[in-house]
Amino acid sequence: MTGPGDQNPQQPQWQQPPAQPEPQQGWQGNGPQSSASGQQPTGQSGQQSPYGQSPTQPSGSAGQQSGQYGQQQGQYSQQTGQYGQQSGQYSQQTGHYGQTGQYGQSGQYGQTGQTGQYGQQDTGQYGQQPTEQYAQAPGGYGQAPYGQGGGSYDGGAGQPPKKKLSKKGLTGIIAGGSALLLIIVGGIVGVSIGNSLHAPEVTVKGYLDALKAGDAEEALKLSGTEVTAADVLLTDEAYKEASGKVSGYTIGKTTTSGDTATVQARLTQGGESVDQEFTLTKVGKDAVLFDKWKLEAPELSTVQVDVVAPDDAVATVGGVDLTDVEPIAEGSYQLRALPGTYDVALSESDWYSAEATTATALGYGQTAEPATLSVALTDAGTTAIEEAVNTYIDGCGASTEIAPTGCPYEIRNATGYTPSGVTWTFDTRPTFTVGEFNGTGWSVESETVGRMSMTCTLTDPATGQTGPGGGGPVDFNVGGTVEGFTDEGATFVPLP
């Protein structure tokens, strides 16, 4: 046997060690090992190939396997008893060696240049070991008497080997983590969505959507607008009759300061764009997290209707009559209205009519140009007035007095004689015109002058003698006012 310093040692014939149970993994050399230079620490050379195969090689082939078994002269020949006596060790420990890669590290049985490390071992240390020492070790290797490497097999005396996490367990952990992530993300998204659903502009959108749908009552409810009996246009019925309502809108900038928010909006109304600012106030929380905003009632625009018509005429706005509405002045009405255009008309009459018009409430906080209803006579009304004035004239012409009461002409008696049998004759009938309604009625004025002559019998009161008498011709004008109409016709009131 050569020493470690010899060059080109002669390789002895490798001896076949006793058969070992399979599968085996390399062991880490529990127990001391000796070499030519003395003791070697446990595990330095006692590692075998990754698959735990015993280093059996055919004769003469050792020189070609440098690095796997090394130049170990007589190594196995001197350790026959070692493997033979430890057959029980491996047979009882098959399950512990089956952990590929943990114990079996290739190249540790024979490393080049370490000739004689096994060859010089005291065979008595391994070869004479009773098999009971391994066989009786509780827990497999936890109490192995050689070296302190028992823990290197199973992590410590009496401790089971660590188990890999099962696929099912790993899936559960991943699923749990994913669920937690989804909950967190869902919570963040939920809060974000909740905030967006409770933003001030959402309330404004709801209000404007109600206007677009023609739902006046809902819009007024959302804005908290108080409605009185005089607000005849703030109803669904009136608003549905309106045209030129809000047909679209665009929400602009929202500004929040403390408990107050302002929302800019551009309304599309009747083909026009109207800018409007809405104010909201914070009134608490919804679902603990989200601010609640209340829309402050915007200042509504007003429509003004001036009615120039007889007292018995009834004006309607948006299909609603103004009979019970108190005017702000004679024949003048102001009404609050939601954005829109409202029809203004006069109740039907046989004698007069008014051309229908409209009143527009543009946006908010504005007073529309007054819508005026000026009545005009119908043909029947004109005829009725002419008849009334002519009746008056005829009445004067039928008088038997030289100074008819209420008539525009008279003759004075300066003779001292007593007239009787007075007769008036029209030399020329006057013509007249009827003016527009002036707030109190239709004025009647002469267009041409009339001429009357009177004849009578005069009696001398002193003698009783009689004789023909007369006077004229007398020019006169006709004038007065037709104040209205009844079932009998026009009511003409002549000038005094």
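How many bridges join strand β4 to strand β5? Strands β4 (residues 260-269) and β5 (residues 272-286) run antiparallel and are joined by 10 bridges.

The model is predicted: local features need pLDDT of at least 70, side-chain atom pairs count only at pLDDT 80 or more, and totals for chains, interfaces and linings use all residues. Residues are numbered from 1 along each chain as its sequence is written, and side-chain values use heavy atoms, with hydrogens and water left out.

**Sheet and helix**

An open sheet is formed by 4 strands in the order β3-β4-β5-β6, with antiparallel pairing. The edges are taken by β3 (246-257) and β6 (290-295), each with a single partner strand, so one side of each has no neighbour in the sheet. From one strand to the next, the twist averages 35 degrees. Helix α8 (residues 200-212) packs on this sheet and touches β3, β4, β5 and β6; its direction makes about 160 degrees with that of β3. Strands pair if DSSP finds at least two bridges between them. Helices (H or I, at least four residues) and strands (E, at least two) are DSSP runs, numbered from the N terminus. Axes are lines fitted to C-alpha atoms, for helices over the stretch in contact (heavy atoms within 4.5 Å), and angles run from 0 to 180 degrees between N-to-C directions.

**Aromatic rings**

The whole structure holds 12 aromatic pairs, defined by ring centres of Phe, Tyr and Trp (its six-membered ring) within 6.5 Å; planes under 30 degrees apart count as stacked, over 60 as edge-to-face and the rest as tilted. One of them, Y207 with Y364, is tilted, at 6.5 Å centre to centre and 40 degrees between the planes. Y207 belongs to helix α8 and Y364 to the loop between β13 (357-361) and β14 (371-377), so the pair ties together parts 157 residues apart in sequence. Both Y207 and Y364 are buried (under 20% relative accessible area, with exposed over 50% and partly exposed in between; 1.4 Å probe, protein chains only). W351, Y352, F437, W442 and F485 form one aromatic cluster.

Charges also lie over rings (NZ of Lys or CZ of Arg within 6 Å of the ring centre and within 35 degrees of the ring normal):

| Charged residue | Ring | Distance from ring centre |
|---|---|---|
| K245 | Y239 | 5.5 Å |
| R429 | F426 | 5.0 Å |

**Cysteines**

The count comes to 1 disulfide, a pair of cysteine sulfur atoms within 2.5 Å. C396 is joined to C407, S to S 1.9 Å. The torsion about their S-S bond is about -100 degrees, so the disulfide is left-handed. Both C396 and C407 are buried.
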